[in-house]
Amino acid sequence: MESLNIKDFLNFNFLSNIELSKDNKNLVFVKSNQDYEKNNYISDAFIYNIEKNKIYKLTSVKDVSLVSWLNNDTIIFKSSLRDEELKNKKDEEFIDYSLFYSININGGEAESLFNIELEVVDLYSIDANNFLIKAIYDINREKKRKEDNYLEWAKEEADYEVFDEIPFWVNNVGITNKKRERLYHYNKKENKLTSITDDYSNVNSFKYKNGKVLCIINSFKDKAPTTTELRLYDINDINNIREKVIIDSNKYAIYFADFVIDNDNKEKIISVMTDMKKYGLNENSSFYLIDENNNINLVYHYDNGLGNMIGTDSSYGGGKDIRVYKDKIYFVCTENENAHIKCLDLKGNINTITSKQGAVNCFDVSNNDNIYFIGFRDLKLEEIYFINNGLEKQLTFFNEDVLKEKSLSIPEKISFKTNNNFEIEGWVLKPINYDENKKYPAILDIHGGPKTAYGEIFFNEMQVWANMGYFVFFCNPRGSEGKGNAFADIRKIYGTIDYEDIMKFTDVVLEKYTNIDKSKLGVTGGSYGGFMVNWIIGHTDRFKCAISQRSISNWIDDFGTTDIGYYFNPDELGGDVCSGFDKLWEQSPLKYANNAKTPTLFIHSEEDYRCYQTQAFQMFTALKYYGVESRICLFKGENHELSRSGKPKHRLRRLEEITNWFEKYLK
């Protein structure tokens with residue numbers, strides 16, 4: 001067997017956006033690969049013909065997105081392909097274009113379908129001529145676009161950014177001040193674009209049925225709220241759109257909503273939401289049924305988180321993780337160390353569809369109750385599977401050869417109980433070619449969130465370190481997802497019980513695995529994990545080196561510089577910069593930097609608006625001030641998602657920086 005090395009991840013295949021055709025005969029999905037030389041990703045659409053059990057590549061444009069079915073034989077997708085007219089258009093950088101193409105799955109080349117002068121972020125085909133489009137609406141720019149001097153104004157304004165609302169930027173998106181994701185109706189035949197929502201309404205998601213559009217909306221001026229509203233639009237007469245508020249903006253944070261037919265054959269709305277009254281912003285959502293009179297009735301209280309929250313650095317792209325099919329709602333949820341698909345009917349009966357260890361990213365449901373999903377199984381990379389009546393089968397083998405001859409370390413589960421009887425679960429990877437007569441260095445890896453979780457699925461960086469002769473250990477402390485609201489609730493006590501759990505887990509690992517050299521322990525983590533690394537070095541010197549990634553060091557600074565600080569900090573930390581200054585400072589690792597002795601590397605991205613770069617700068621400066629060996633590697637053009645979707649060269653450099661730091665101090 002060969003060792004898994006740092007560069008092997010460049011060969012990984014990433015799968016996303018799985019969708020069945022309406023006749024359930026074909027499945028479309030996107031496969032992405034990394035182009036190291038061009039430092040970007042290549043994404044194309046593929047078809048899986050269910051009857052023939054055949055997979056073939058559909059497009060060759062290398063940058064497909066928003067892939068969906070126009071009809072049973074035709075795929076529609078967005079691409080940056082340009083015809084000569086657009087390529088030669090002057091001042092194009094000041095005009096947003098979205099170009100859509102269609103391609104027949106039975107053969108032929110992609111053909112231009114339509115162009116829209118907006119940045120389209122979502123699309124739904126009503127029929128061959130009518131589409132619902134969600135696009136970025138720039139309030140300030142659109143007012144000026146109608147004027148003759150628009151291009152002159154745009155060129156002048158390019159030198160400035162003016163903020164007059166919060167958040168003014170959003171991670172992985174950029175500057176969002178006075179920008180909204182607005183919903184439109186587009187008539188292709190007439191080339192007519194009609195706005196459905198107003199200027200200040202941000203459409204989180206939408207669903208269409210029989211001339212009606214259901215929208216989850218975040219509408220605001222000056223400050224975005226943490227609650228959302230549910231609106232229904234009747235667009236049967238596009239010249240006379242009627243709006244109805246189903247749930248106003250002051251009650252719930254709405255995760256999902258769709259039309260459903262109940263047991264009496266009446267159309268109702270299923271909504272997944274929370275009032276956040278007991279556990280705050282991170283409270284998990286429950287399922288409700290809303291009738292024609294807007295009466296809200298609980299269908300099922302769910303205590304765990306929706307979606308796949310199991311961490312990995314080996315996935316790219318998204319897809320739907322919750323769907324209504326007939327009179328049931330199917331959804332991905334995180335329970336313990338797994339992400340399963342569950343099914344809930346309108347009477348509140350729930351059952352688990354997938355039960356194997358692993359994680360499901362996205363899925364679709366066919367009319368014969370087959371479920372097709374993209375997920376992780378065992379220590380494999382992403383593949384497509386289907387399941388029916390509990391029988392699961394792997395359909396694709398894109399990554400089979402990537403890891404076939406590579407040495408992988410099997411996670412060994414280890415757990416202990418806290419004083420209040422919560423069970424903390426974690427895992428240990430032994431070094432490849434482990435020799436019980438040798439001593440080994442070890443790395444503690446801490447997940448982000450904190451409301452995410454580790455599992456037993458493939459995690460590239462950990463497997464690389466195991467192949468380099470390290471023990472690697474990781475756990476789900478209190479604050480993690482998968483064990484219910486009470487377990488995840490660490491509001492106002494960051495750095496206390498979570499720190500205790502991680503340190504206790506370290507003790508348990510060292511007690512059981514006596515081949516670990518206690519004098520050669522390293523620690524790393526990102527986001528919340530980065531916060532915890534910063535906290536750890538100010539509270540213990542048991543680690544010989546540390547790597548803090550996209551971290552938090554000062555909650556006071558975080559409040560005013562990040563996209564979520566103004567609402568996350570009051571809820572999770574218990575105060576703002578005026579009414580809770582001391583509380584924020586008490587939970588800030590920077591306060592304890594004068595205690596630090598551990599050589600620390602900081603990995604941060606210049607455009608990380610979730611944990612802004614000043615967080616790393618402040619902690620780095622403090623360590624240098626107090627004479628602690630430290631280093632920053634700042635990535636230009638990257639954001640909070642560096643380790644998951646950063647440019648290939650940057651992802652490689654990140655892992656090299658981290659690994660070299662461990663090699664320097666632990667070997």
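Biologist: Which strands and which helix each supply at least two residues of the lining of the second largest pocket?

Modeller: In this predicted model, strands E8 (111-116), E13 (179-187) and E14 (192-195) do, along with helix H2 (139-145). The volume of this pocket is about 220 Å³. Its lining has 14 residues, and Ile116, Glu117, Leu118, Tyr184 and Leu193 are the closest to its centre.

Biologist: What is the make-up of that lining by class?

Modeller: Six residues are nonpolar, four are polar and four are charged.

Biologist: Now the open sheet. What is the order of its eight strands?

Modeller: The order is E31-E32-E34-E33-E35-E36-E37-E38, with mixed pairing.

Biologist: Why do E31 and E38 stand at the edges?

Modeller: Strand E31 (412-417) and strand E38 (630-635) each have a single partner strand, so one side of each lacks a neighbour in the sheet. From one strand to the next, the twist averages 20°.

Biologist: What makes E33 and E35 a pair?

Modeller: Pairing takes at least two bridges. Six bridges join E33 (residues 440-446) to E35 (residues 516-526), so the two strands pair. They run parallel. Ile443 stands opposite Gly522 in E35.

Biologist: How do you know that helix H13 packs on the sheet, and which strands are touched?

Modeller: Contact means heavy atoms within 4.5 Å. Helix H13 (residues 648-666) touches E33, E35, E36 (545-549), E37 (600-605) and E38, so H13 packs on the sheet. The direction of H13 makes about 160° with that of E36.

Methods:
Residues numbered from 1 in each chain as written. Predicted model: local features only at pLDDT ≥ 70, side-chain atom pairs only at ≥ 80, totals over all residues. Heavy atoms only, no water. 1 Å grid on protein atoms, 1.4 Å probe; cavity = no way out; pocket = protein on both sides within 12 Å on 5 of 7 lines; lining within 4 Å. Points joined across faces, edges and corners; volume = space filled by probe spheres on them. Helix = DSSP H or I, 4+ residues; strand = E, 2+ residues; numbered from the N terminus. Nonpolar A, V, L, I, M, F, W, Y, C, P; charged D, E, K, R; others polar. Axes fitted to C-alpha atoms, helices over the stretch in contact; angles between N-to-C directions.
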